[in-house]
Amino acid sequence: MSQGKILAGFVAPHPPHLVYAENPPQNEPRSEGGWEPLRWAYEKARKSIEELKPDVLLVHSPHWITTVGHHFLGVERLSGKSVDPIFPNLFRFAFDLNVDVDLAEACCGEAQALGLTAKMMRNPNFRVDYGTITTLHMVRPQWDIPVVGISANNSPYYLTLDEGVEEMERLGEATRRAIEKSGKRAVLLASNTFSHYHFHEEPEIPEDMSREHPQSYKGYKWDMRMIELMRRGEIREVMRLFPEWVEEAFAEVKSGAFPWMISAMEYPTTPAELHGYGTVIGTGNAVMEWRLAA
Amino acid sequence: MPVVSAFLMPGNPLPFLRQDNPPWAPLATAAKAAGEALRASRPDVLLIYSTQWFAVLDELWQARPHSTGVHVDENWYDYGDLQMDLRADVSLAQACVAGANAAGHRSKAVDYEGFPIDSGTIVANAFLNPGGTIPTVVAANNLYHDFATTEALGRVAAEQADLQGKRAAVIAVGGLSAGYFDKDIDIAEDRIVDEQSDAANRALLAAMEQGGADRLRAGLDDFAAAAKTDMGMKHLAWLLGGVGDFKNAHVHGYGSTYGAGAAVVEFKLA
Ligand SMILES: [Fe+2]
(Lines give C-alpha, C1' and ligand atoms only; values in the text may rest on other atoms or scores of the structure.)
Protein backbone atom coordinates (compact mmCIF):
# COMPACT_ATOMS: atom_id res chain seq x y z
CA MET A 1 0.00 0.00 0.00
CA SER A 2 1.42 3.38 -0.95
CA GLN A 3 1.39 6.19 1.54
CA GLY A 4 -1.85 8.08 1.78
CA LYS A 5 -1.90 11.79 1.17
CA ILE A 6 -3.82 14.99 1.50
CA LEU A 7 -4.61 16.07 -2.03
CA ALA A 8 -6.08 19.43 -1.13
CA GLY A 9 -7.68 21.45 1.59
CA PHE A 10 -10.64 23.76 1.15
CA VAL A 11 -12.11 26.52 3.20
CA ALA A 12 -15.73 25.53 2.65
CA PRO A 13 -18.16 27.58 4.73
CA HIS A 14 -21.62 26.33 5.55
CA PRO A 15 -24.31 29.01 5.40
CA PRO A 16 -27.41 26.87 4.81
CA HIS A 17 -28.58 29.67 2.50
CA LEU A 18 -26.36 28.25 -0.22
CA VAL A 19 -28.14 24.89 -0.18
CA TYR A 20 -31.48 26.65 0.01
CA ALA A 21 -30.58 28.82 -2.98
CA GLU A 22 -29.66 25.80 -5.08
CA ASN A 23 -32.98 23.97 -4.54
CA PRO A 24 -31.61 20.42 -4.39
CA PRO A 25 -34.29 17.70 -4.07
CA GLN A 26 -33.11 16.84 -0.53
CA ASN A 27 -34.04 20.26 0.83
CA GLU A 28 -37.72 20.98 1.55
CA PRO A 29 -37.96 24.76 1.20
CA ARG A 30 -37.84 26.29 -2.28
CA SER A 31 -36.03 29.47 -3.22
CA GLU A 32 -35.77 31.87 -6.12
CA GLY A 33 -31.97 31.54 -6.06
CA GLY A 34 -29.56 34.01 -4.56
CA TRP A 35 -25.89 34.13 -3.47
CA GLU A 36 -24.88 33.12 -7.02
CA PRO A 37 -21.25 34.28 -6.89
CA LEU A 38 -20.64 32.09 -3.83
CA ARG A 39 -22.40 29.17 -5.42
CA TRP A 40 -20.33 29.65 -8.57
CA ALA A 41 -17.26 29.60 -6.34
CA TYR A 42 -18.44 26.23 -5.06
CA GLU A 43 -18.85 25.07 -8.68
CA LYS A 44 -15.10 25.52 -9.05
CA ALA A 45 -14.50 23.56 -5.85
CA ARG A 46 -16.76 20.81 -7.20
CA LYS A 47 -14.69 20.70 -10.37
CA SER A 48 -11.49 20.38 -8.37
CA ILE A 49 -12.93 17.50 -6.34
CA GLU A 50 -14.00 15.84 -9.56
CA GLU A 51 -10.44 16.12 -10.91
CA LEU A 52 -8.81 14.99 -7.67
CA LYS A 53 -10.99 11.91 -7.25
CA PRO A 54 -10.39 11.60 -3.51
CA ASP A 55 -11.24 8.42 -1.60
CA VAL A 56 -12.52 10.40 1.35
CA LEU A 57 -13.64 13.88 2.42
CA LEU A 58 -12.83 14.98 5.97
CA VAL A 59 -14.90 17.80 7.40
CA HIS A 60 -14.55 19.70 10.68
CA SER A 61 -17.76 21.50 11.62
CA PRO A 62 -18.41 24.25 14.19
CA HIS A 63 -22.02 23.14 14.55
CA TRP A 64 -21.22 19.87 16.22
CA ILE A 65 -19.91 21.30 19.46
CA THR A 66 -18.47 18.83 21.96
CA THR A 67 -17.33 19.58 25.48
CA VAL A 68 -15.36 16.44 26.31
CA GLY A 69 -12.83 15.92 23.57
CA HIS A 70 -12.84 15.69 19.80
CA HIS A 71 -15.47 13.37 18.36
CA PHE A 72 -15.66 11.48 15.07
CA LEU A 73 -18.73 10.12 13.30
CA GLY A 74 -18.40 6.37 13.72
CA VAL A 75 -21.48 4.84 12.12
CA GLU A 76 -21.11 3.53 8.57
CA ARG A 77 -24.31 5.03 7.24
CA LEU A 78 -26.15 7.95 8.77
CA SER A 79 -29.41 9.24 7.42
CA GLY A 80 -32.30 11.37 8.53
CA LYS A 81 -33.59 14.89 8.35
CA SER A 82 -31.45 17.76 9.52
CA VAL A 83 -33.40 20.91 10.38
CA ASP A 84 -31.24 23.94 11.07
CA PRO A 85 -32.37 25.28 14.45
CA ILE A 86 -31.28 28.81 13.46
CA PHE A 87 -32.68 28.87 9.91
CA PRO A 88 -35.42 26.21 9.91
CA ASN A 89 -37.17 28.23 7.21
CA LEU A 90 -34.24 27.60 4.85
CA PHE A 91 -32.77 24.23 5.70
CA ARG A 92 -34.69 21.00 6.21
CA PHE A 93 -32.48 18.52 4.48
CA ALA A 94 -32.83 14.76 4.03
CA PHE A 95 -29.27 13.52 4.44
CA ASP A 96 -27.86 10.11 3.73
CA LEU A 97 -24.13 9.75 4.03
CA ASN A 98 -21.50 7.05 4.19
CA VAL A 99 -18.78 7.34 6.77
CA ASP A 100 -15.25 6.05 6.33
CA VAL A 101 -15.27 4.50 9.79
CA ASP A 102 -11.81 2.94 9.38
CA LEU A 103 -10.18 6.27 8.73
CA ALA A 104 -12.26 7.97 11.44
CA GLU A 105 -11.08 5.37 13.94
CA ALA A 106 -7.50 5.85 12.79
CA CYS A 107 -7.77 9.64 13.22
CA CYS A 108 -9.30 9.11 16.65
CA GLY A 109 -6.50 6.73 17.64
CA GLU A 110 -3.78 9.10 16.44
CA ALA A 111 -5.42 11.97 18.31
CA GLN A 112 -5.40 9.93 21.49
CA ALA A 113 -1.76 9.01 20.85
CA LEU A 114 -0.98 12.73 20.71
CA GLY A 115 -2.61 13.21 24.10
CA LEU A 116 -6.00 14.54 23.02
CA THR A 117 -9.29 13.29 24.39
CA ALA A 118 -10.96 11.77 21.34
CA LYS A 119 -13.91 9.47 20.84
CA MET A 120 -16.05 7.71 18.28
CA MET A 121 -19.74 8.55 17.94
CA ARG A 122 -21.50 5.18 17.53
CA ASN A 123 -25.15 6.12 17.98
CA PRO A 124 -27.00 5.23 14.73
CA ASN A 125 -29.78 7.73 15.49
CA PHE A 126 -27.38 10.67 15.58
CA ARG A 127 -28.51 13.66 13.57
CA VAL A 128 -25.63 15.09 11.59
CA ASP A 129 -25.31 18.86 12.04
CA TYR A 130 -26.19 21.30 9.29
CA GLY A 131 -22.62 22.63 9.03
CA THR A 132 -21.24 19.24 8.07
CA ILE A 133 -24.09 18.63 5.65
CA THR A 134 -23.98 22.02 3.96
CA THR A 135 -20.23 21.89 3.39
CA LEU A 136 -20.40 18.35 2.02
CA HIS A 137 -23.32 19.15 -0.24
CA MET A 138 -21.69 22.28 -1.60
CA VAL A 139 -18.47 20.48 -2.58
CA ARG A 140 -19.99 17.16 -3.65
CA PRO A 141 -23.74 17.15 -4.27
CA GLN A 142 -23.56 13.58 -5.57
CA TRP A 143 -22.86 12.37 -2.00
CA ASP A 144 -20.81 9.48 -3.40
CA ILE A 145 -17.55 9.91 -1.49
CA PRO A 146 -17.27 8.55 2.07
CA VAL A 147 -16.70 11.12 4.77
CA VAL A 148 -15.00 11.58 8.10
CA GLY A 149 -16.99 13.99 10.26
CA ILE A 150 -15.17 15.71 13.10
CA SER A 151 -16.73 17.74 15.90
CA ALA A 152 -15.59 21.15 17.07
CA ASN A 153 -14.33 20.67 20.59
CA ASN A 154 -15.23 23.69 22.66
CA SER A 155 -11.64 24.31 23.84
CA PRO A 156 -11.06 27.63 21.98
CA TYR A 157 -14.00 29.05 23.93
CA TYR A 158 -13.59 27.12 27.19
CA LEU A 159 -9.81 27.43 27.52
CA THR A 160 -7.72 30.29 26.17
CA LEU A 161 -7.73 30.77 22.40
CA ASP A 162 -4.07 29.73 22.25
CA GLU A 163 -4.75 26.50 24.12
CA GLY A 164 -7.74 25.76 21.93
CA VAL A 165 -5.83 26.45 18.71
CA GLU A 166 -2.96 24.27 19.90
CA GLU A 167 -5.44 21.39 20.39
CA MET A 168 -6.81 21.90 16.90
CA GLU A 169 -3.31 21.91 15.46
CA ARG A 170 -2.58 18.65 17.26
CA LEU A 171 -5.81 17.25 15.87
CA GLY A 172 -4.59 18.26 12.41
CA GLU A 173 -1.29 16.50 12.97
CA ALA A 174 -3.16 13.36 14.07
CA THR A 175 -5.39 13.59 11.01
CA ARG A 176 -2.38 13.77 8.69
CA ARG A 177 -0.71 10.78 10.34
CA ALA A 178 -3.88 8.72 10.03
CA ILE A 179 -4.33 9.65 6.36
CA GLU A 180 -0.71 8.81 5.54
CA LYS A 181 -0.99 5.38 7.16
CA SER A 182 -4.34 4.70 5.50
CA GLY A 183 -2.99 4.83 1.98
CA LYS A 184 -5.98 6.95 1.04
CA ARG A 185 -6.28 10.08 -1.06
CA ALA A 186 -7.98 12.64 1.12
CA VAL A 187 -9.49 16.10 0.82
CA LEU A 188 -9.88 18.30 3.91
CA LEU A 189 -12.78 20.68 4.39
CA ALA A 190 -12.67 23.47 6.94
CA SER A 191 -16.30 24.40 7.39
CA ASN A 192 -15.77 27.98 8.51
CA THR A 193 -17.10 31.41 7.76
CA PHE A 194 -14.57 34.22 8.11
CA SER A 195 -15.93 37.51 9.47
CA HIS A 196 -19.02 36.52 11.41
CA TYR A 197 -20.71 39.88 12.00
CA HIS A 198 -24.21 39.46 10.70
CA PHE A 199 -27.50 41.27 10.34
CA HIS A 200 -30.11 40.61 12.95
CA GLU A 201 -33.06 40.73 10.64
CA GLU A 202 -33.84 38.54 7.70
CA PRO A 203 -35.40 40.14 4.60
CA GLU A 204 -38.95 39.13 3.75
CA ILE A 205 -37.53 37.15 0.84
CA PRO A 206 -34.31 35.72 2.33
CA GLU A 207 -32.71 35.54 -1.12
CA ASP A 208 -33.37 39.21 -1.89
CA MET A 209 -29.79 40.08 -2.87
CA SER A 210 -30.48 43.81 -2.83
CA ARG A 211 -30.15 43.43 0.94
CA GLU A 212 -26.89 41.48 0.95
CA HIS A 213 -23.55 43.14 1.71
CA PRO A 214 -20.84 42.94 4.39
CA GLN A 215 -22.32 43.75 7.77
CA SER A 216 -19.03 45.11 9.04
CA TYR A 217 -16.43 47.05 7.10
CA LYS A 218 -13.85 46.10 9.70
CA GLY A 219 -14.70 42.43 9.27
CA TYR A 220 -14.53 42.77 5.50
CA LYS A 221 -11.10 44.43 5.64
CA TRP A 222 -9.79 41.67 7.88
CA ASP A 223 -11.07 39.03 5.51
CA MET A 224 -9.42 40.70 2.51
CA ARG A 225 -6.14 41.06 4.37
CA MET A 226 -6.14 37.38 5.36
CA ILE A 227 -7.25 36.13 1.94
CA GLU A 228 -4.49 38.14 0.31
CA LEU A 229 -1.92 36.54 2.63
CA MET A 230 -3.34 33.10 1.86
CA ARG A 231 -3.19 33.82 -1.87
CA ARG A 232 0.48 34.71 -1.45
CA GLY A 233 1.20 31.53 0.49
CA GLU A 234 2.08 33.44 3.66
CA ILE A 235 0.41 30.98 5.96
CA ARG A 236 2.71 31.57 8.93
CA GLU A 237 1.73 35.22 8.86
CA VAL A 238 -1.92 34.18 8.68
CA MET A 239 -1.48 32.07 11.78
CA ARG A 240 0.44 34.84 13.55
CA LEU A 241 -2.46 37.22 12.95
CA PHE A 242 -5.04 34.54 13.68
CA PRO A 243 -5.92 35.66 17.24
CA GLU A 244 -6.37 39.28 16.14
CA TRP A 245 -8.50 38.21 13.17
CA VAL A 246 -10.70 36.08 15.44
CA GLU A 247 -11.07 38.91 17.90
CA GLU A 248 -11.65 41.80 15.52
CA ALA A 249 -13.66 40.09 12.80
CA PHE A 250 -15.52 37.83 15.24
CA ALA A 251 -14.34 35.13 12.83
CA GLU A 252 -15.91 31.69 12.97
CA VAL A 253 -12.47 30.18 12.33
CA LYS A 254 -12.14 30.40 16.12
CA SER A 255 -14.05 27.13 16.36
CA GLY A 256 -11.02 25.29 15.05
CA ALA A 257 -11.61 23.94 11.55
CA PHE A 258 -9.14 26.33 9.93
CA PRO A 259 -6.16 25.68 12.25
CA TRP A 260 -6.97 21.95 12.12
CA MET A 261 -6.73 21.94 8.34
CA ILE A 262 -3.69 24.19 8.04
CA SER A 263 -1.80 22.09 10.57
CA ALA A 264 -2.79 18.85 8.83
CA MET A 265 -1.37 20.34 5.61
CA GLU A 266 1.85 21.29 7.45
CA TYR A 267 1.40 25.05 7.03
CA PRO A 268 1.58 25.04 3.24
CA THR A 269 3.39 27.86 1.51
CA THR A 270 1.54 26.92 -1.66
CA PRO A 271 -0.56 29.92 -2.66
CA ALA A 272 -4.22 29.29 -2.03
CA GLU A 273 -6.67 29.79 -4.84
CA LEU A 274 -9.65 31.95 -4.04
CA HIS A 275 -12.64 30.44 -5.83
CA GLY A 276 -14.86 33.23 -4.62
CA TYR A 277 -15.97 35.42 -1.75
CA GLY A 278 -19.40 36.60 -0.78
CA THR A 279 -21.51 37.57 2.15
CA VAL A 280 -24.45 35.73 3.67
CA ILE A 281 -26.63 37.82 5.98
CA GLY A 282 -23.57 40.02 6.15
CA THR A 283 -20.96 37.39 7.13
CA GLY A 284 -17.81 36.92 5.07
CA ASN A 285 -17.49 33.62 3.23
CA ALA A 286 -14.54 32.54 1.12
CA VAL A 287 -14.27 29.33 -0.87
CA MET A 288 -10.54 28.62 -1.08
CA GLU A 289 -8.36 25.75 -2.16
CA TRP A 290 -4.84 24.68 -1.32
CA ARG A 291 -3.82 22.12 -3.93
CA LEU A 292 -1.05 19.97 -2.50
CA ALA A 293 -0.93 16.98 -4.86
CA ALA A 294 -2.53 15.73 -8.03
CA MET B 1 -53.06 35.20 39.37
CA PRO B 2 -51.87 33.84 36.05
CA VAL B 3 -48.65 32.21 37.24
CA VAL B 4 -49.32 29.32 39.60
CA SER B 5 -45.85 27.81 39.99
CA ALA B 6 -42.25 28.25 38.91
CA PHE B 7 -39.26 25.93 38.74
CA LEU B 8 -35.58 25.87 37.88
CA MET B 9 -34.68 22.60 36.14
CA PRO B 10 -31.31 21.23 34.97
CA GLY B 11 -30.70 21.45 31.22
CA ASN B 12 -28.06 18.77 31.07
CA PRO B 13 -29.70 15.46 30.10
CA LEU B 14 -27.37 13.22 32.12
CA PRO B 15 -29.48 12.99 35.31
CA PHE B 16 -32.42 11.98 33.14
CA LEU B 17 -30.47 9.52 31.02
CA ARG B 18 -28.65 7.87 33.94
CA GLN B 19 -30.95 8.16 36.91
CA ASP B 20 -29.12 5.33 38.66
CA ASN B 21 -25.71 7.03 38.67
CA PRO B 22 -25.13 7.96 42.34
CA PRO B 23 -24.11 11.61 41.81
CA TRP B 24 -27.05 12.19 39.48
CA ALA B 25 -29.75 10.16 41.22
CA PRO B 26 -30.65 12.92 43.72
CA LEU B 27 -31.20 15.36 40.84
CA ALA B 28 -33.50 12.88 39.10
CA THR B 29 -35.44 12.25 42.33
CA ALA B 30 -35.69 15.98 42.90
CA ALA B 31 -36.90 16.56 39.34
CA LYS B 32 -39.68 14.02 39.84
CA ALA B 33 -40.67 15.67 43.13
CA ALA B 34 -40.81 18.98 41.26
CA GLY B 35 -43.09 17.27 38.75
CA GLU B 36 -45.50 16.39 41.54
CA ALA B 37 -45.46 19.94 42.85
CA LEU B 38 -46.01 21.25 39.35
CA ARG B 39 -49.01 19.03 38.73
CA ALA B 40 -50.46 19.98 42.13
CA SER B 41 -50.46 23.59 40.93
CA ARG B 42 -52.78 22.53 38.06
CA PRO B 43 -51.24 24.62 35.27
CA ASP B 44 -52.92 24.92 31.90
CA VAL B 45 -49.61 25.66 30.23
CA LEU B 46 -45.86 25.49 30.88
CA LEU B 47 -43.87 28.56 29.87
CA ILE B 48 -40.41 27.13 29.16
CA TYR B 49 -37.10 28.83 28.39
CA SER B 50 -34.03 26.70 27.83
CA THR B 51 -30.49 28.07 27.58
CA GLN B 52 -29.70 25.33 25.07
CA TRP B 53 -32.10 26.42 22.34
CA PHE B 54 -30.10 29.06 20.50
CA ALA B 55 -31.50 31.73 18.22
CA VAL B 56 -29.48 34.50 16.59
CA LEU B 57 -31.90 36.55 14.48
CA ASP B 58 -35.46 36.86 15.72
CA GLU B 59 -36.64 35.46 19.02
CA LEU B 60 -38.15 32.07 18.21
CA TRP B 61 -41.21 30.49 19.82
CA GLN B 62 -42.10 26.85 19.30
CA ALA B 63 -45.52 26.48 17.69
CA ARG B 64 -45.48 22.92 16.37
CA PRO B 65 -48.66 21.38 17.83
CA HIS B 66 -46.94 18.11 18.72
CA SER B 67 -43.19 17.57 18.42
CA THR B 68 -42.27 13.90 18.43
CA GLY B 69 -39.37 11.74 17.35
CA VAL B 70 -35.99 10.76 18.69
CA HIS B 71 -33.39 13.31 19.72
CA VAL B 72 -29.77 12.35 20.25
CA ASP B 73 -27.69 14.78 22.27
CA GLU B 74 -24.58 15.90 20.41
CA ASN B 75 -22.41 15.32 23.48
CA TRP B 76 -24.15 12.61 25.48
CA TYR B 77 -25.20 10.29 22.64
CA ASP B 78 -23.59 7.31 24.42
CA TYR B 79 -26.00 7.55 27.32
CA GLY B 80 -29.15 6.91 25.31
CA ASP B 81 -31.70 8.58 23.05
CA LEU B 82 -34.26 11.14 24.13
CA GLN B 83 -37.87 10.92 23.06
CA MET B 84 -39.43 14.23 22.07
CA ASP B 85 -43.01 14.52 23.25
CA LEU B 86 -43.84 18.16 23.42
CA ARG B 87 -47.19 19.78 22.79
CA ALA B 88 -47.41 23.46 22.06
CA ASP B 89 -50.19 25.76 23.14
CA VAL B 90 -50.30 27.18 19.64
CA SER B 91 -52.69 30.04 20.27
CA LEU B 92 -50.68 31.20 23.26
CA ALA B 93 -47.39 30.84 21.37
CA GLN B 94 -48.83 33.00 18.57
CA ALA B 95 -50.02 35.52 21.15
CA CYS B 96 -46.52 35.61 22.65
CA VAL B 97 -45.02 36.26 19.22
CA ALA B 98 -47.45 39.13 18.69
CA GLY B 99 -46.94 40.44 22.22
CA ALA B 100 -43.16 40.29 21.98
CA ASN B 101 -43.20 42.01 18.59
CA ALA B 102 -45.43 44.72 20.00
CA ALA B 103 -42.94 45.16 22.86
CA GLY B 104 -40.14 45.62 20.32
CA HIS B 105 -38.56 42.14 20.50
CA ARG B 106 -38.71 40.78 16.95
CA SER B 107 -40.22 37.33 17.21
CA LYS B 108 -41.25 34.45 15.02
CA ALA B 109 -43.10 31.20 15.56
CA VAL B 110 -41.50 27.99 14.32
CA ASP B 111 -43.54 25.03 13.22
CA TYR B 112 -41.45 22.45 11.37
CA GLU B 113 -41.51 18.70 11.40
CA GLY B 114 -38.15 17.41 12.65
CA PHE B 115 -37.17 20.65 14.35
CA PRO B 116 -34.45 19.76 16.85
CA ILE B 117 -36.02 20.52 20.22
CA ASP B 118 -33.07 20.98 22.60
CA SER B 119 -32.08 18.37 25.17
CA GLY B 120 -32.86 20.66 28.11
CA THR B 121 -36.45 21.28 27.06
CA ILE B 122 -36.97 17.58 26.36
CA VAL B 123 -35.71 16.34 29.73
CA ALA B 124 -37.35 19.09 31.80
CA ASN B 125 -40.65 18.40 30.07
CA ALA B 126 -40.21 14.65 30.56
CA PHE B 127 -39.59 15.05 34.30
CA LEU B 128 -42.30 17.63 34.94
CA ASN B 129 -44.87 16.64 32.40
CA PRO B 130 -44.57 12.91 31.65
CA GLY B 131 -46.48 12.03 28.53
CA GLY B 132 -46.36 15.67 27.49
CA THR B 133 -50.03 16.14 28.36
CA ILE B 134 -49.77 19.77 29.49
CA PRO B 135 -49.22 22.09 26.52
CA THR B 136 -46.21 24.36 26.49
CA VAL B 137 -44.85 27.60 25.14
CA VAL B 138 -41.10 27.26 24.58
CA ALA B 139 -38.94 30.30 23.86
CA ALA B 140 -35.40 30.26 22.49
CA ASN B 141 -32.27 31.71 24.03
CA ASN B 142 -31.41 34.46 21.58
CA LEU B 143 -27.65 34.76 22.00
CA TYR B 144 -27.79 38.52 21.53
CA HIS B 145 -30.41 39.11 24.18
CA ASP B 146 -29.29 40.30 27.59
CA PHE B 147 -30.77 39.53 30.98
CA ALA B 148 -33.23 42.44 30.84
CA THR B 149 -34.53 41.53 27.39
CA THR B 150 -35.01 37.93 28.43
CA GLU B 151 -36.85 39.10 31.52
CA ALA B 152 -39.10 41.19 29.30
CA LEU B 153 -39.88 38.10 27.20
CA GLY B 154 -40.80 36.14 30.31
CA ARG B 155 -43.11 38.96 31.32
CA VAL B 156 -44.76 38.96 27.88
CA ALA B 157 -45.36 35.21 28.10
CA ALA B 158 -46.98 35.47 31.55
CA GLU B 159 -49.10 38.45 30.48
CA GLN B 160 -50.32 36.67 27.39
CA ALA B 161 -51.21 33.58 29.40
CA ASP B 162 -53.16 35.81 31.78
CA LEU B 163 -54.98 37.47 28.88
CA GLN B 164 -56.07 34.02 27.72
CA GLY B 165 -57.19 33.18 31.26
CA LYS B 166 -54.65 30.39 31.60
CA ARG B 167 -52.89 29.13 34.70
CA ALA B 168 -49.20 29.11 33.85
CA ALA B 169 -46.15 27.42 35.30
CA VAL B 170 -42.87 29.17 34.52
CA ILE B 171 -39.97 26.81 33.83
CA ALA B 172 -36.34 27.92 33.64
CA VAL B 173 -34.18 25.23 32.09
CA GLY B 174 -30.45 25.55 32.55
CA GLY B 175 -27.54 25.02 34.87
CA LEU B 176 -25.74 26.94 37.56
CA SER B 177 -21.92 27.13 37.37
CA ALA B 178 -20.89 26.29 33.82
CA GLY B 179 -17.32 25.06 34.34
CA TYR B 180 -17.13 21.38 33.39
CA PHE B 181 -14.71 18.47 33.14
CA ASP B 182 -13.29 18.56 29.64
CA LYS B 183 -11.62 15.15 30.03
CA ASP B 184 -13.20 11.77 30.63
CA ILE B 185 -14.18 11.13 34.23
CA ASP B 186 -15.60 8.20 36.14
CA ILE B 187 -19.21 9.35 36.22
CA ALA B 188 -19.74 7.63 39.58
CA GLU B 189 -17.27 10.19 40.95
CA ASP B 190 -18.80 13.26 39.32
CA ARG B 191 -18.63 16.42 41.42
CA ILE B 192 -18.60 20.19 40.91
CA VAL B 193 -15.44 21.00 38.99
CA ASP B 194 -13.90 23.20 41.69
CA GLU B 195 -14.62 24.44 45.19
CA GLN B 196 -15.15 28.03 44.17
CA SER B 197 -17.92 27.09 41.75
CA ASP B 198 -19.48 24.84 44.38
CA ALA B 199 -19.46 27.68 46.91
CA ALA B 200 -20.92 30.10 44.35
CA ASN B 201 -23.72 27.66 43.53
CA ARG B 202 -24.56 27.17 47.19
CA ALA B 203 -24.64 30.92 47.80
CA LEU B 204 -26.95 31.44 44.85
CA LEU B 205 -29.27 28.67 46.03
CA ALA B 206 -29.29 30.24 49.51
CA ALA B 207 -30.36 33.55 47.95
CA MET B 208 -33.22 31.74 46.24
CA GLU B 209 -34.25 30.04 49.47
CA GLN B 210 -34.27 33.31 51.37
CA GLY B 211 -36.41 34.71 48.65
CA GLY B 212 -37.38 37.92 47.02
CA ALA B 213 -36.51 38.90 43.48
CA ASP B 214 -34.17 41.64 44.69
CA ARG B 215 -32.12 39.26 46.80
CA LEU B 216 -31.89 36.86 43.90
CA ARG B 217 -30.74 39.66 41.59
CA ALA B 218 -28.00 40.59 44.04
CA GLY B 219 -27.15 36.91 44.37
CA LEU B 220 -26.84 36.62 40.59
CA ASP B 221 -24.37 39.51 40.49
CA ASP B 222 -22.23 37.81 43.13
CA PHE B 223 -22.58 34.51 41.31
CA ALA B 224 -21.39 35.96 38.00
CA ALA B 225 -18.36 37.40 39.73
CA ALA B 226 -17.45 34.06 41.30
CA ALA B 227 -18.17 31.44 38.64
CA LYS B 228 -18.60 30.79 34.94
CA THR B 229 -22.35 30.98 34.46
CA ASP B 230 -24.68 29.11 32.16
CA MET B 231 -25.47 31.70 29.47
CA GLY B 232 -25.54 34.62 31.88
CA MET B 233 -28.27 32.81 33.84
CA LYS B 234 -30.84 34.13 31.39
CA HIS B 235 -33.14 31.23 32.25
CA LEU B 236 -33.59 32.89 35.64
CA ALA B 237 -34.28 36.18 33.87
CA TRP B 238 -37.15 34.43 32.11
CA LEU B 239 -38.37 33.10 35.43
CA LEU B 240 -38.18 36.49 37.14
CA GLY B 241 -39.96 38.11 34.21
CA GLY B 242 -42.71 35.51 34.48
CA VAL B 243 -43.24 35.61 38.24
CA GLY B 244 -42.35 39.23 38.96
CA ASP B 245 -41.44 38.41 42.55
CA PHE B 246 -41.41 35.36 44.80
CA LYS B 247 -41.54 34.67 48.53
CA ASN B 248 -38.88 32.02 48.89
CA ALA B 249 -37.81 28.79 47.30
CA HIS B 250 -37.31 25.14 48.07
CA VAL B 251 -34.23 23.45 46.68
CA HIS B 252 -35.35 19.93 45.80
CA GLY B 253 -31.87 18.94 44.74
CA TYR B 254 -28.41 20.22 43.86
CA GLY B 255 -25.62 18.36 42.17
CA SER B 256 -23.15 18.14 39.35
CA THR B 257 -23.49 17.29 35.69
CA TYR B 258 -20.00 16.43 34.45
CA GLY B 259 -18.55 19.11 36.71
CA ALA B 260 -21.16 21.79 36.03
CA GLY B 261 -23.69 22.86 38.64
CA ALA B 262 -27.33 21.89 38.40
CA ALA B 263 -30.32 22.24 40.70
CA VAL B 264 -34.01 21.61 40.91
CA VAL B 265 -35.68 24.54 42.65
CA GLU B 266 -39.34 25.25 43.33
CA PHE B 267 -40.15 28.93 43.79
CA LYS B 268 -42.93 29.78 46.23
CA LEU B 269 -44.90 32.65 44.79
CA ALA B 270 -45.94 35.73 46.66
FE1 LIG C 1 -21.71 28.61 11.29
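Visitor: Which residue takes a positive phi in the hairpin of E9(B) and E10(B)?

Guide: That's B:Tyr258, with phi near 55 degrees. The hairpin has two residues between its strands. Keep in mind that this is a predicted model.

Visitor: Is B:Tyr258 buried or exposed, then?

Guide: Buried. Its relative accessible area is 4%, and the cut-off for buried is under 20%.

Visitor: How many bridges join E9(B) to E10(B)?

Guide: There are 10 of them, and the two strands run antiparallel. E9 covers residues 246-257 of chain B, while E10 takes in residues 260-269. To pick out one pair, B:Tyr254 has B:Ala263 in E10(B) as its bridge partner.

Visitor: And how much of E10(B) is buried?

Guide: Nine of its 10 residues are, so the strand counts as mostly covered.

Visitor: Which sense does E10(B) take with strand E1 of chain B?

Guide: Antiparallel, over three bridges. E1 is residues 3-9 of chain B. Across that pairing, B:Phe7 stands opposite B:Glu266, and B:Leu8 has B:Val265 as its bridge partner in E10(B).

Visitor: What about E1(B) and E8(B), parallel or antiparallel?

Guide: Those two run parallel, with six bridges joining them. E8 is residues 168-173 of chain B. B:Leu8 turns up here as well, with B:Ala172 as its bridge partner in E8(B).

Visitor: How many residues of E1(B) are buried?

Guide: Seven of its seven, and the strand is described as mostly covered.

Visitor: Why does B:Gln160 count as buried?

Guide: Because its relative accessible area is 15%, and buried means under 20%.

Visitor: Which residues does B:Gln160 touch?

Guide: Leaving out residues up to four places away in sequence, B:Gln160 touches B:Leu92, B:Ala95, B:Cys96 and B:Gly99.

Visitor: Zooming out, how many helices and strands are there in chain B?

Guide: Chain B has eight helices and 10 strands. Along the principal axes, its C-alpha trace spans about 45 × 40 × 35 Å. Of its 270 residues, 61% are buried.

Visitor: What share of the contacts in chain B comes from residues 24 or more positions apart?

Guide: They account for 83%, counting contacts with a separation of 6 or more.

Visitor: And the accessible surface of chain B, what does it come to?

Guide: About 9,700 Å², with 50% of that belonging to carbon and sulfur atoms. As for charge, chain B has 20 positive and 33 negative side chains. The centres of those two sets lie 5 Å apart.

Visitor: OK, chain A now. What does its secondary structure come to?

Guide: Nine helices and 10 strands. The radius of gyration of chain A is 18 Å, close to the 19 Å from the globule rule for 294 residues, so chain A is as compact as a globular protein of that length. Its C-alpha atoms fill a box of roughly 50 × 40 × 40 Å along the principal axes.

Visitor: How many of the residues of chain A count as buried, in percent?

Guide: The figure is 64% of the 294 residues. Chain A exposes about 10,600 Å², and carbon and sulfur atoms supply 48% of that.

Visitor: Where is A:Gly256?

Guide: In the loop between H8 (235-249) and H9 of chain A. A:Gly256 counts as buried, at 1% relative accessibility.

Visitor: What does A:Gly256 touch?

Guide: A:His60 and A:Met168, not counting residues up to four places away in sequence. A:His60 is 196 residues from A:Gly256 in sequence, yet their C-alpha atoms are 7.9 Å apart in space.

Visitor: And what is phi of A:Glu266?

Guide: Near 60 degrees, a positive value in a residue other than glycine. A:Glu266 lies in the loop between helix H9 (257-264) and strand E9 (273-280) of chain A.

Methods. Residues are numbered from 1 along each chain as its sequence is written. Chains are lettered from A and ligands numbered from 1 in the order in which they are written. This is a predicted model: local features need pLDDT of at least 70, side-chain atom pairs count only at pLDDT 80 or more; totals for chains, interfaces and linings use all residues. Side-chain values use heavy atoms; hydrogens and water are left out. Helices (H or I, at least four residues) and strands (E, at least two) are DSSP runs, numbered from the N terminus. Buried means under 20% relative accessible area, exposed over 50%, partly exposed in between (1.4 Å probe, protein chains only). Contact means heavy atoms within 4.5 Å. Accessible areas come from the Shrake-Rupley method with a 1.4 Å probe; for residues, only the protein chains shown count as cover. Lys and Arg count as positive and Asp and Glu as negative; His and the chain ends are not counted. The place of a charge is taken as NZ of Lys, CZ of Arg, CG of Asp or CD of Glu. Two strands pair if DSSP finds at least two bridges between them. The radius of gyration is taken over C-alpha atoms; the globule rule is 2.2 Å times the number of residues to the power 0.38.
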